Amino acid sequence: MEIAVAFQAAAFHINGRCIVGPLELDVRRGERLVLLGRSGSGKTTTLRLINALVLPTAGTVLVSGTATTDWDVVRLRRSIGYVIQEVGLFPHFTVAQNVGLVPRLEEWTAERIETRVAELLRLVGLEPHRFATRLPHELSGGQRQRVGLARALAADPPLLLCDEPFGAVDPITRADLQREFRVLTDELDKTVVFVTHDLDEAMLLGDRIAFMEKGALAFLGDTAEFRRTDLEPVRSFREARELS
């Protein structure tokens with residue numbers, strides 16, 4: 001099976017303190033791998049190691065077979081879609097300008113950008129004639145999250161990183177976005193690394209679960225294996241979430 005991302009004894013330290021690692025973990029091309037765990041378990045730092053927002057202080061992280069330290073960082077980040085909880089839309093840009101940002105940086109023609117923006121807005125459930133000229137403050141939280149997803153997909157990156165992207169919206173909108181995200185990533189055949197601390201979300205979206213505890217990989221397996229495992233950190237996490 002082709003490997004999209006590989007952590008090879010990868011670790012990240014700050015002032016001599018180990019935040020993450022050492023990790024041995026492969027992300028398979030076309031899968032949705034969920035990084036699950038409590039707050040502070042190292043999930044987001046692990047995600048950021050993939051797009052070189054932080055660099056490993058030991059070991060190696062490979063993206064498409066090349067170490068992140070050997071990539072041109074601009075090329076690396078433009079080849080990866082990145083979706084975060086607060087979306088990060090530019091407030092003075094219209095929806096169309098936000099979605100078309102990376103294609104403009106890649107010097108696509110105006111016509112190609114306009115076509116791509118309209119295609120993506122429809123894909124995420126936003127009609128271009130209604131939403132393309134709006135500013136972010138004119139959108140609901142769920143709509144902004146859809147725009148953020150469209151922007152991440154704009155240049156058709158093979159890899160999508162998601163850091164709790166649905167955590168700031170209401171439960172009903174969140175459930176809708178989760179279902180739509182699963183269908184969308186299946187249709188587009190993207191490799192996805194998805195960070196969450198929500199057990200239900202992980203079970204719905206994950207092909208495999210990488211459960212993290214204190215910066216280390218405590219469990220790796222599919223959702224059925226995650227439900228069955230009797231490993232203490234996983235069992236405690238499941239029980240805590242089932243009681244909440």
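This report covers the sheets, a helix pair, the pocket and cavity, and some backbone features of a predicted model.

## Basis

In this predicted model, local features need pLDDT of at least 70 and side-chain atom pairs count only at pLDDT 80 or more, while totals for chains, interfaces and linings use all residues. Residues are numbered from 1 along each chain as its sequence is written, and side-chain values use heavy atoms, with hydrogens and water left out.

## Six-stranded sheet

Six strands build an open sheet with mixed pairing, in the order S6-S7-S8-S3-S9-S10. Strands here are DSSP runs of E, at least two residues, and helices are runs of H or I, at least four residues, numbered from the N terminus. Two strands pair if DSSP finds at least two bridges between them. S6 and strand S10 (216-222) stand at the edges, each with a single partner strand, so one side of each lacks a neighbour in the sheet. From one strand to the next, the twist averages 15°.

S6 pairs with strand S7 (residues 159-163) in the parallel sense, over five bridges. Ile-84 has Asp-163 in S7 as its bridge partner.

## Four-stranded sheet

A second open sheet has four strands in the order S2-S1-S4-S5. Its pairing is antiparallel. S2 and strand S5 (66-67) are at the edges; each has a single partner strand, so one side of each is left without a neighbour in the sheet.

Strand S1 (residues 3-14) and S2 run antiparallel and are joined by nine bridges. The bridge partner of Phe-7 in S2 is Leu-25.

## Helix pair H7 and H8

The axes of H7 and helix H8 (residues 171-188) come within 11 Å and cross at roughly 15°. Axes are lines fitted to C-alpha atoms, for helices over the stretch in contact, and angles run from 0 to 180 degrees between N-to-C directions.

## Largest pocket

The largest pocket holds about 480 Å³ of space. On a 1 Å grid over the protein atoms alone, a pocket is an open set of points with protein on both sides within 12 Å along at least five of seven lines, whereas a cavity is a set where a 1.4 Å probe fits but cannot get out; lining residues have an atom within 4 Å of a point. Grid points are joined across faces, edges and corners, and a volume is the space filled by probe spheres set on the points.

Of the 19 lining residues, Arg-77, Ile-80, Tyr-82, Val-102 and Arg-151 are the closest to the pocket centre. Helix H2 (73-78), strand S6 (80-84), helix H4 (101-105) and helix H7 (141-153) each supply at least two lining residues. S6 gives the most, with four. The pocket lining divides into 13 nonpolar, three polar and three charged residues. Ala, Val, Leu, Ile, Met, Phe, Trp, Tyr, Cys and Pro count as nonpolar, Asp, Glu, Lys and Arg as charged, and the others, Gly among them, as polar.

## Cavity

A search of the whole structure finds one cavity of 30 Å³ or more. About 30 Å³ of space lies in the largest cavity. Its lining consists of Val-83, Gln-145, Leu-149, Cys-162, Pro-165, Phe-166 and Phe-181. Six of the lining residues are nonpolar, one is polar and none is charged.

## Backbone features

Gly-21 and Pro-22 are joined by a cis peptide bond, with omega about 0°. Pro-22 is in strand S2 (residues 17-28).

Asp-156 is not a glycine, yet has a positive phi of about 55°. Asp-156 is found in the loop between H7 and S7.
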